[in-house]
There are 4 protein chains.
Amino acid sequence: MRAETIVLHEKRDVTLTAYIQEAEGEFGFTKRPAMLVLPGGGYAMCSDREADPVALAYSKAGFQTFVLRYTVTSKGKWPLPLEDYEEAMELIVKNAEAWHVDQDKIAAVGFSAGGHLCACAATVAEHKPAAAILVYPAILKEICDLCQPGMPYPNEHVGKDTCPCFLVAARDDRTVDIKNSLMMELALAEKGIPFESHIYSYGGHGFSTAEQWVVTNSVSERVPDWVPDSIGWLKEIFGALTYKGFTEPNIAVSKNGDTAPVLAVSCSLKHIRKQSEEVQTLLKPMYDGIRIVAEARGFDMEKLMDAVGNNTIREIMEIVQVDADAIVEIDKALHGMVNRLEERKG
Amino acid sequence: MRAETIVLHEKRDVTLTAYIQEAEGEFGFTKRPAMLVLPGGGYAMCSDREADPVALAYSKAGFQTFVLRYTVTSKGKWPLPLEDYEEAMELIVKNAEAWHVDQDKIAAVGFSAGGHLCACAATVAEHKPAAAILVYPAILKEICDLCQPGMPYPNEHVGKDTCPCFLVAARDDRTVDIKNSLMMELALAEKGIPFESHIYSYGGHGFSTAEQWVVTNSVSERVPDWVPDSIGWLKEIFGALTYKGFTEPNIAVSKNGDTAPVLAVSCSLKHIRKQSEEVQTLLKPMYDGIRIVAEARGFDMEKLMDAVGNNTIREIMEIVQVDADAIVEIDKALHGMVNRLEERKG
Amino acid sequence: MRAETIVLHEKRDVTLTAYIQEAEGEFGFTKRPAMLVLPGGGYAMCSDREADPVALAYSKAGFQTFVLRYTVTSKGKWPLPLEDYEEAMELIVKNAEAWHVDQDKIAAVGFSAGGHLCACAATVAEHKPAAAILVYPAILKEICDLCQPGMPYPNEHVGKDTCPCFLVAARDDRTVDIKNSLMMELALAEKGIPFESHIYSYGGHGFSTAEQWVVTNSVSERVPDWVPDSIGWLKEIFGALTYKGFTEPNIAVSKNGDTAPVLAVSCSLKHIRKQSEEVQTLLKPMYDGIRIVAEARGFDMEKLMDAVGNNTIREIMEIVQVDADAIVEIDKALHGMVNRLEERKG
Amino acid sequence: MRAETIVLHEKRDVTLTAYIQEAEGEFGFTKRPAMLVLPGGGYAMCSDREADPVALAYSKAGFQTFVLRYTVTSKGKWPLPLEDYEEAMELIVKNAEAWHVDQDKIAAVGFSAGGHLCACAATVAEHKPAAAILVYPAILKEICDLCQPGMPYPNEHVGKDTCPCFLVAARDDRTVDIKNSLMMELALAEKGIPFESHIYSYGGHGFSTAEQWVVTNSVSERVPDWVPDSIGWLKEIFGALTYKGFTEPNIAVSKNGDTAPVLAVSCSLKHIRKQSEEVQTLLKPMYDGIRIVAEARGFDMEKLMDAVGNNTIREIMEIVQVDADAIVEIDKALHGMVNRLEERKG
């Protein structure tokens, strides 16, 4: 593995340290996923405790890793840190071939103030990461303004093109109140952006990877789990890097087929109910199953169908125990039927 | 281990199944913690998949476990389920001696509608559990009213006497929207009630313990972790059950000493700053340390002290690297100084 | 879950306690795997600490579990304990339907003296378990004779029909020397019986599941891992119990196809080299690959092929990087070629 | 972290790559533990798959790591690889100060042929590592001679000064037979050298860290656990590296106090029984407890005391339930009594 530090801006002490592992040769893949690490320190410093120890965790998992030491307040103000981030991303993309990086699989992780920068990257940057990990991030006005007035509050900028986020914090954080994370989650939920979140009972602020040699205070014994958990989460989004290259991502499991040109069992019930009579007839086994369940549980059938309308009909058929072979047959038949999107608006 | 099912209300099909393990004899303890399991099912049924598999997880961890099958809509309406809960708790307390249960360590876990019941137990019940685990709980008006109109929305009833809560859900839950969990967390944060929360990227609704033989849909591979995580969290609150009895709880770590009769390094900075000049002089090494950090990071010292005012001075002295022996000396000296609570209001 | 204690022999205090969980109904399977627990105690007692806590671990994992309290020395001598075991197995098989037990998936776990009984079950019993877990087992003459003279030493009875074994012990065991486990492993290796083994640095004797509430001495923090590890190992042998029934076992991965009627890439290199010229020609890409590797690494090619002769040719082709599609083609072609077993003896 | 490759012998392609992390500054310690990685490849090559991925695992855990690419057969023969090892160790010790390495905490890990080299380092080298991790090591004559005739068979050289060892292998290894690991374990057991061992059901040969991006064949899902398990084992021997430096090692727990100048409850029963009458009288509560247990379990008391003679009397007193306070009192009293070592020989 090579370690290389590239000076981005000498006067502002902005550097990008790259840890580049091999590909090909004895390894059966040509490209790796990448992780850009944004340390914290209140925009007053870039903490070493949130730099290499973090990079090493992702290097071990097969990532090419990069630590960005961005502009701190004494050297310059916002939006310089975000510009440093954009520059780092451009450099990684430009060198993707030489550095064996899969351009579509560049994630970022940030801590505290670096978590703010990372949340800005996820929401307002030009070069958004493919996934963002926010560790005890500063999000809300109170704490952001304390660091440096004039910066964006990322929860207010979550939109359709925000990348999937993974949030980590401790409930007893007395530096960055836990509401910072909760309000960011609410914004992501509101816009339907995939996220995962682990809020630990205690851990305070600044635990980094929470390994014994990194953490300075006592924390719930579950806190170090966030690192492997985040790696598992990235596997769902990027696919897993195996000896022979990437597996397929499986986050798609939670997407439905409502907007595809033909119908399928991956359509939502809500959408299917707006289709032709022919479709409804085909799905009689499902409707029968729903009726049985509704009666058994004392539910009104219409109300029940409204309540589960966002489920795919595959999920519903499995729950009401339509025969597995029948589901396969129904899926095939649906593939021959045009998806009447206009009906949906009607 | 004995398994016993007690009929609480024959007509309403309300039963309490008790799984009672041994104490004393070859075991060096006399009392165990207890867990009351509240299965889900939309208040229309009590799901077997959220009953015994859950009880077994806590039995294995040393708990006495109890499954309550409460009144469902076809047999009676709210507040009957809550009354069933109160009755179950009374029965456990009454039999605490015979069942080797530590009365102060009775927790409850509920799923979906059972999660709603559990959240009501945590907030509005007379016999509150000592800790509550809420798994994809129904909290908000929309879903609660669908199950059965007229029930409380637990997030609106969080108060000072709400017990610590552990929340588990999947972001892609299409039956009970993830906002149910998020709004409950916000209410807990608002009132300062300790909580922990794990929201998984996908898992849908109804995964129970997420063990392969229990779960019916595919889920993020991290989902089954909530069970051991909840057991670890309970150890922080209850202490760990060891061969010789319970260890000390360590959730206290996150409490401060502001209300004790004498001062200590467990007091918050905010509180200490309101004490006598003598106290301030004693703490010169801390203030010097803060000054150095503030200057190094370009912070205004007063602003910084406001921002970290809720930290204990022990935490702050450790961060600014006051010598460990000096901290011990300061703690001793503080013990001889009266805590001027009235100053606090001034 | 029902708990039932069946008296097998009143005078000898022999009992079988059964913990029977549900099947069908809300669960999509009809049969579960089973685990028979044989506690230890020097054949002088059956320890409670190695009974229910162990059963609960496997119940939680979906098993029907059974605790056998067998004949101890003061009530009768060997082979009575083994006869108790046989009787317990007959009873489980007889009740397999009613108890939702898959007869082909009954495992046994034994501790110390119970580990000796379990190792006898695995080697000399009529009703062998499908898999045996031996925890700090007594195996060798010295310790067996101390417990009760006249019992078999199981390592001397390992044969072709011995079931797969999973061994657990601590190196610093001062009651049953670690050589007991090592000599059993050597015997299993000698006969080619699949096994797995975890020997921990320290843990002494009698740690049972090593959960905090069960273990009486301090142990390496890895010791409790043997329980989930053994469950993972059983999944390889039995298949995993899922909501819809068992998955396929995958221990078969390590078996080869040398005795099948037609050839395949699952045959060993040693076996393939004894086949026709036509077969050798088909496998030219493999031989070319081996030659390249041998030359690159400075090995004699014949010696190398002898050394890796027990590998399947699929494994070898993957290692020497024969194209994946070519492997599929070769496999198909081999299926059309008769396996000349007689050649092998030639 | 700096990455630096030092050429030890240019003609023989011998290099040492060092990955050096920071100490002091934001970290509260001055020295780290170190790990020297010895890749495998039949002494014909040094595999990249067993080099950096392994180093990264220990770097992440806080170690300074080093990869030695030693002399391979085409460049020179044994004992050159061992000489390369000695040279690497000398270099690390010489640079200990500059590289922030604790000289007493340098471990080595080797794979296959590198496992042979590592086992030689542990047994016959001048600069032995403080702990050795042997992964599917070549130990026995058959495989060693295949690699290169004339090398030592390490199991034949285990002695009093052999360092603690951690062994990892798969039972279905068809390149290096599992007996290689088992015979090494037997030799360690024979000489009383502390060891730990994990033999997995299947995994074949060459799985390295068994991470998805490193391993080329399918393996038991438990195989990747050996890496964190080995780190936990090293913590027992070295103490854990924390933010403030190393904790105390706790492998000492399994040592007894038979050779100390005064007596203590950490002496073995066997040793204590050879002491004065006064000592025996002091220990009456223990002997009473043993008698009760022996009678309850139907054991002969003398035989029982012989059988557990290697246990410390603390362990025995805990098992027979001597009061904890009494044990403390007894320990204090024993501290005042000379340890009569000569009695022991009598």
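**Entry 1: chain B against chain A**

I began with Glu196(B) and Arg222(A), whose side chains form a salt bridge with N and O 2.7 Å apart. The model is a predicted one, and I keep that in mind for every entry below. I then looked up how many salt bridges link chain B and chain A, and the count is eight. For polar contacts across the interface of chain B and chain A I find 15 residue pairs, both residues at pLDDT 80 or more.

Next I noted which elements of chain B build the side that touches chain A. At least two residues each come from α5 (179-191), β8 (195-200), α6 (226-238), α9 (284-297), α10 (301-307) and α11 (313-319) of chain B. The largest share is that of α5(B), with seven residues. Sorted by class, this side of chain B has 20 nonpolar, 15 polar and 16 charged residues.

I also took the overall figures for the pair. In contact are 51 residues of chain B and 50 residues of chain A. Chain B and chain A bury about 4,600 Å² between them, and carbon and sulfur atoms carry 53% of it.

**Entry 2: the strands at β8**

I looked at β8 separately. Strand β8 of chain A, residues 195-200, pairs with β8(B) over three bridges, in the antiparallel sense. For Ile199(A), the bridge partner in β8(B) is Ser197(B). β8 (195-200) of chain B was already on my list of elements that touch chain A, and Glu196(B), from the salt bridge with Arg222(A), belongs in this entry too.

I repeated the superposition with chain C. Chain B goes onto chain C with an RMSD of 0.1 Å, by a turn of 180° and a shift of 0.1 Å along the axis. I log this as the relation of a two-fold axis. In chain B the C-alpha nearest this axis belongs to Ala3(B), 2.8 Å away from it. Of the interface residues of chain B, 100% are also interface residues in chain C, so the copies meet through the same surface.

**Entry 3: chain B against chain C**

Here 33 residues of chain B are in contact with 33 residues of chain C. The buried area is about 3,000 Å², and 58% of it is on carbon and sulfur atoms. I asked which three residues supply more than any other three of the area that chain B buries against chain C. They are Glu26(B), Lys60(B) and Trp213(B), which supply 28%.

Salt bridges across the interface of chain B and chain C number two. Lys60(B) turns up again in a salt bridge with Glu211(C), where the closest N and O atoms are 3.0 Å apart. The count of residue pairs in polar contact is 20 between chain B and chain C, both residues at pLDDT 80 or more. Two or more residues of the side of chain B that touches chain C come from each of α1 (52-60) and β9 (241-242) of chain B. The most come from α1(B), with six residues. By class I get 17 nonpolar, seven polar and nine charged residues on this side of chain B.

I followed Asp48(C), which sits in the loop between β3 (32-38) and α1 (52-60) of chain C. Leaving out residues up to four places away in sequence, Asp48(C) touches Glu22(B), Glu26(B), Phe27(B), Pro53(C) and Arg69(C). Asp48(C) and Val214(C) lie 166 residues apart in sequence, with their C-alpha atoms 9.8 Å apart.

In chain A I checked the residue of that number. Asp48(A) forms a salt bridge with Arg69(A), with 3.2 Å between the closest N and O atoms. The pair links distant parts of the chain, 21 residues apart: Asp48(A) is in the loop between β3 (32-38) and α1 (52-60), and Arg69(A) is in strand β4 (residues 64-69) of chain A.

**Entry 4: salt bridges overall**

To finish, I searched the whole structure and found 64 salt bridges over all chains. One of them joins the side chains of Arg2(C) and Glu4(C), at 3.5 Å from N to O.

Definitions and conventions
Residues numbered from 1 in each chain as written. Chains lettered and ligands numbered in written order. Predicted model: local features only at pLDDT ≥ 70, side-chain atom pairs only at ≥ 80, totals over all residues. Heavy atoms only, no water. Least-squares fit on C-alpha atoms with pLDDT ≥ 70 in both. Contact = heavy atoms within 4.5 Å. Buried area = accessible area lost by both parts, 1.4 Å probe. Salt bridge = Lys/Arg side-chain N within 4 Å of Asp/Glu carboxyl O. Polar contact = N/O pair within 3.5 Å; in protein donor to acceptor, adjacent residues only side chain to side chain. Helix = DSSP H or I, 4+ residues; strand = E, 2+ residues; numbered from the N terminus. Nonpolar A, V, L, I, M, F, W, Y, C, P; charged D, E, K, R; others polar. Pairing = 2+ DSSP bridges.
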